Amino acid sequence: MSVLPARLAARPTAALGPAPAASLTPAARHRGTRHRGATTAPGRRAPGTTAAALLIAAAASGISGPSLALPAAAHALRVPTASAAWLMTAYGLGLLAGTPLLSGTAGRRGPAALVRSGAALVALGAAIVLASPSALLPLAAGRAVEAAGAAGLTVAAFRIAGRDRTGRSTGLVAIGNAAGGTLGLFVGAGAAQLLGWRAALVMPLLALAVLPAVLRPAGRAGAAPRAGEAGPAGSPRPRFRDALPLGLLRRPGFRRPALLMLALATVNFALVYGAPRRVTALTGWGPLPTGAAVASVALAGALLSWQLVRLAPALGTGRVRVLLAAGSAAAAAAAAFAPWPPVVLLGSALSSLVTAGGQGVLTGSAVGGLAPERQGGAIGLFNLAFPAGVAAGPALAGFADQTVQFLY
């Protein structure tokens with residue numbers, strides 16, 4: 001997994017730049033390097049970037065962590081494995097709800113408030129999971145609460161890194177997100193084997209270990225201006241109800257890349273659910289070697305996606321979209337139907353590559369031509385395609401598994 005759009009999300013603000021020195025009083029110029037939320041010096045990472053990368057990696061591990069523990073969970077819950085996939089779908093729904101909710105409430109008080117609120121929800125959700133009886137509904141509810149907290153931690157991590165306007169700090173946090181989302185398969189399988197299947201459902205609890213290291217730099221990042229107040233570039237901060245400009249859905253230039261991103265994410269997270277089961281069925285491997293193999297190839301695909309982003313301007317928008325759609329379709333076909341484990345793993349890697357690369361390329365396409373003050377809200381709306389895919393992918397794969405048995 002990767003959150004490349006967040007890297008781009010920092011650019012519209014960076015493009016506005018600081019106010020001209022001539023327009024500031026000497027006292028304001030003296031204070032400019034010390035105010036809360038100041039950007040970092042060129043060539044240096046934003047303070048707290050490493051801690052933010054670890055924080056987001058722990059939050060992202062909750063997406064894939066339960067995948068290889070679902071058969072054990074299904075047995076304990078006395079439901080089909082396809083029904084247990086709702087434990088993954090619920091996480092996507094929590095991300096989908098938590099991202100705009102926490103960004104528009106706790107987010108107005110700065111990254112430190114986002115970290116505290118997110119950590120509290122993660123702890124609450126984990127407590128529900130661990131204390132619930134062996135029933136699917138309360139466990140899914142606990143996972144959704146966990147995910148809402150993880151969404152807040154994710155937004156906070158990118159806000160901490162966003163003070164570095166070179167994009168290097170944000171890139172490191174994006175790598176942390178990709179690493180957590182893919183390695184969660186392996187770590188979740190290990191946790192389930194050592195501690196039981198419920199341990200794989202509470203992987204975001206690992207984020208609590210990073211809180212002391214991340215809260216201090218999060219506090220220095222400062223709070224956002226309140227609704228209606230002037231922001232750092234002198235423009236009013238949008239109100240919460242304007243954070244997700246739904247009117248953009250009527251704009252073909254936004255709607256088409258957003259729908260393609262939704263399709264890419266849905267296929268990718270269907271394979272997060274289905275590819276490990278295909279590998280296990282074809283090889284007879286246990287959860288740990290299967291998790292190691294699938295996580296390794298998915299991480300490699302995510303890291304290789306930067307080549308696609310780099311080549312995209314030369315290829316052109318139309319060709320890139322065709323490549324993304326074709327790559328996703330090929331990945332789904334390889335993972336679902338190939339009788340050879342290496343080809344199934346290749347499909348998983350290809351899906352990870354086009355999903356991560358598509359985030360970077362399609363975000364720029366979706367917000368192109370918009371005024372700078374509208375780009376932040378547009379990116380926020382576009383990025384909701386990703387958690388929507390997290391929710392839809394496992395549910396659709398479970399349905400297919402139940403009806404046509406193409407995963408086995």
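A crossing of two helices is called left-handed if the near helix is turned anticlockwise from the far one by less than a right angle, and right-handed if clockwise. The model is predicted, so that local features need pLDDT of at least 70 and side-chain atom pairs count only at pLDDT 80 or more, while totals for chains, interfaces and linings use all residues. Residues are numbered from 1 along each chain as its sequence is written, and side-chain values use heavy atoms, with hydrogens and water left out.

**View 1. Helices H14 and H15 pass each other in a left-handed crossing.** Helices are DSSP runs of H or I with at least four residues, numbered from the N terminus. The axes of H14 (residues 317-337) and H15 come within 8 Å and cross at roughly 155°, where axes are lines fitted to C-alpha atoms over the stretch in contact and angles run from 0 to 180 degrees between N-to-C directions. The two helices are therefore roughly antiparallel to each other, a term for angles over 145 degrees. By class, the contact of H14 with H15 has 12 nonpolar, seven polar and one charged residues, with Ala, Val, Leu, Ile, Met, Phe, Trp, Tyr, Cys and Pro counted as nonpolar, Asp, Glu, Lys and Arg as charged, and the others, Gly among them, as polar.

**View 2. Val354 lies in helix H15 (residues 341-367).** At 4% relative accessibility, Val354 counts as buried, which means under 20% relative accessible area with a 1.4 Å probe and protein chains only. Not counting residues up to four places away in sequence, Val354 touches Leu264, Leu324, Gly327 and Ser328. The C-alpha atoms of Val354 and Gly327 are separated by 6.5 Å, although the two residues are 27 residues apart along the chain.

**View 3. The largest nonpolar core has 81 residues.** Such a core is a set of buried Ala, Val, Leu, Ile, Met, Phe, Trp, Tyr and Cys residues joined through side-chain atoms within 4.5 Å. Val115 is one of the members that touch the most others, a group including Leu55 and Leu324. Helix H8 (residues 136-161) gives the most to this core, with 11 residues. Apart from it lies another core, of 12 residues, among them Ala295, Ala338, Val344 and Leu345.

**View 4. Leu114 lies in helix H7 (residues 111-131).** Leu114 counts as buried, at 0% relative accessibility. Leu114 and Leu215 are 101 residues apart in sequence and 9.9 Å apart in space, C-alpha to C-alpha.

Notes
Buried < 20%, exposed > 50% of the residue type's maximum accessible area, 1.4 Å probe, protein only. Contact = heavy atoms within 4.5 Å. Parallel < 35°, antiparallel > 145°, perpendicular 65-115°, else oblique.
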